[in-house]
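Dear colleague,

Please find below the structure I wished to hand over to you.

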Amino acid sequence: MSQSSLDQLYKPHLQTLMRRTEQSLTASGFDSLVIHSGCPPTQFLDDQDYPYKVNPHFKAWVPVIDNPRCILVVAPATRPKVLFYQPHDYWHKPAALPRAPWTAEVDLIAMSEPSTAGQHWADLGRVAYIGPDGFAGGTDAANLNPPGLLMRLHYDRAVKTGYELECMRRASELGARGHQAALAVFRRGGSEYEAHMRYLEACAQREEEMPYNNIVAYNENAAVLHYQHLERTAPQSLHSFLIDAGAQYRGYASDITRTYAGFSGRFADLVEAVDEAQQMLCAEIIPGRDYRDVHLSAHRLLGDVLQRIGLTKLPGQAALELGVSSVFFPHGIGHLLGLQVHDVGGVMGDVQGHERQRPEGHPYLRLTRILEPGVVVTVEPGIYLIDSLLAAAHADSRRAHIDWAVVEELKPFGGVRIEDNVATTATQPENLTRDAFAKAA
């Protein structure tokens with residue numbers, strides 16, 4: 001899709017947001033909405049700020065993701081108004097007023113002093129405010145981040161507009177480019193740190209622009225689900241490489257994981273088997289499917305993989321029932337994806353926020369909703385050799401169902417995870433990740 005075609009999708013995107021917001025405001029007893037873009041907190045005993053992360057409610061309306069202290073004013077039957085922060089500042093360079101095509105659909109107003117912003121909503125009735133504490137002055141606390149309104153907005157956000165889907169496709173393409181660059185570093189013996197830096201370079205994004213901290217893990221580090229370090233020196237023997245890293249496009253995220261074996265053998269077979277199971281799970285992302293059932297299906301499929309590879313001695317269904325699969329697959333199969341990596345509303349059953357319960361024994365599942373067209377999810381099965389979980393299993397009846405010699409053989413590899421971003425459509429699932437890798441090939 002061309003840039004002009006993407007820009008043409010922005011107006012209907014705004015119209016959808018306006019319709020949803022008007023309905024939510026009416027149901028919640030408000031007349032208008034003011035959203036603050038957020039501002040970075042200052043470091044303790046310092047005059048430097050932490051990296052800025054924009055309020056997701058703000059960037060849903062306008063792709064302004066790098067200029068704090070902006071304000072959006074939304075009122076029924078009027079164009080959205082963007083108060084764009086441009087301070088008189090000679091220490092830093094103020095952001096230039098945007099001139100991209102999307103600006104034709106909003107009223108864009110330069111604002112040098114936030115204390116004057118209230119005049120823009122003084123006559124808009126009962127106003128709801130979404131943003132950090134204190135930005136709305138002395139407003140009634142009940143009007144700041146009202147839970148009932150937020151619940152409705154969060155529930156609706158799961159279904160993406162055409163504009164949002166295209167932004168996520170482009171975020172996936174950036175991520176695929178970064179993954180290829182990082183893999184090249186691993187193949188030639190470079191370090192975790194170097195793989196990370198080449199990833200950023202390929203995506204043309206800084207660390208603070210990433211949707212989350214990249215997970216770049218060699219060997220046994222892959223057993224740490226959210227491994228956060230970057231070794232500056234490569235290990236003498238490169239057994240495995242797990243990289244969980246995404247990118248952003250206009251504020252929308254991709255979240256991609258791939259795992260590679262350093263050489264052929266049982267672990268390489270495990271990677272291939274998990275990849276096959278993952279693609280079977282991606283095929284389950286269809287309208288009307290309960291995502292809890294996708295999660296349980298993952299346990300059965302991975303349980304079969306564990307038996308086939310030799311780690312366990314029982315088939316998938318039995319491994320699920322006896323809690324053996326959870327020793328090796330301890331997290332949920334995925335989550336909602338969009339403006340945030342772990343996007344909100346994943347366990348909501350309706351706009352009132354009633355929770356759809358997680359399956360018993362699976363407390364870490366982030367998504368329990370019924371899938372519908374427009375919903376984008378991650379599908380990320382994994383098998384890991386985690387010392388604490390293995391020790392717990394060795395101490396109880398699960399010990400008999402695990403081949404501990406194979407466990408010791410595979411421990412130096414850490415683990416494997418394969419993660420794609422998949423959009424639910426009216427027909428077949430759209431795999432944003434596989435499409436992006438195919439395009440980058």
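**Aromatic residues**

One aromatic cluster is formed by Tyr-10, Trp-102, Tyr-163 and Tyr-252. Please bear in mind that the model is a predicted one. In total, the structure holds 11 aromatic pairs. One of them joins Phe-263 and Phe-413: the ring centres are 5.7 Å apart and the planes stand at 65 degrees, so this pair is edge-to-face. The two residues belong to distant parts of the chain, 150 residues apart. Phe-263 lies in the loop between strand 10 and helix 6, whereas Phe-413 lies in the loop between helix 11 (404–410) and strand 13 (415–417).

Are the two partners buried or exposed? Phe-413 has a relative accessible area of 8% and is therefore buried, being under the 20% limit. Phe-263, at 40% relative accessibility, counts as partly exposed, because this value falls between 20% and 50%.

The charged end of Arg-126 sits over the ring of Phe-30, at 4.1 Å from the ring centre. The charged end of Arg-369 sits over the ring of Tyr-155, at 4.0 Å from the ring centre.

In soluble globular proteins, nonpolar side chains tend to be buried together. In this model, the largest nonpolar core has 75 residues, and Trp-61, Val-62, Trp-121 and Phe-241 are those with the most contacts inside it. Helix 4 (residues 162–187) supplies the largest share of this core, 10 residues. Leaving aside residues up to four places away in sequence, Val-62 touches Tyr-10, Val-82, Trp-102 and Val-106. Tyr-10 and Trp-102 are also members of the aromatic cluster named at the outset. A second, separate core has 47 residues, including Leu-301, Leu-306, Phe-328 and Leu-371.

Which order do the strands of the open sheet follow? The order is 6-7-10, and the pairing is antiparallel. Strand 6 (215–218) and strand 10 (256–261) are at the edges with a single partner strand each, so one side of each has no neighbour in the sheet. On average, neighbouring strands of this sheet are turned by 5 degrees against each other, direction ignored.

Strand 6 pairs with strand 7 (residues 240–245) in the antiparallel sense over four bridges. Within strand 7, Leu-242 stands opposite Ala-217. Helix 6 (residues 266–282) lies across strand 7 and strand 10, and runs at about 150 degrees to strand 10.

With kind regards

Terms used. Residues are numbered from 1 along each chain as its sequence is written. This is a predicted model: local features need pLDDT of at least 70, side-chain atom pairs count only at pLDDT 80 or more; totals for chains, interfaces and linings use all residues. Side-chain values use heavy atoms; hydrogens and water are left out. A nonpolar core is a set of buried Ala, Val, Leu, Ile, Met, Phe, Trp, Tyr and Cys residues joined through side-chain atoms within 4.5 Å. Buried means under 20% relative accessible area, exposed over 50%, partly exposed in between (1.4 Å probe, protein chains only). Contact means heavy atoms within 4.5 Å. Two strands pair if DSSP finds at least two bridges between them. Axes are lines fitted to C-alpha atoms, for helices over the stretch in contact, and angles run from 0 to 180 degrees between N-to-C directions. Rings of Phe, Tyr and Trp (its six-membered ring) pair if their centres lie within 6.5 Å; planes under 30 degrees apart count as stacked, over 60 as edge-to-face and the rest as tilted. A charge sits over a ring if NZ of Lys or CZ of Arg is within 6 Å of the ring centre and within 35 degrees of the ring normal.
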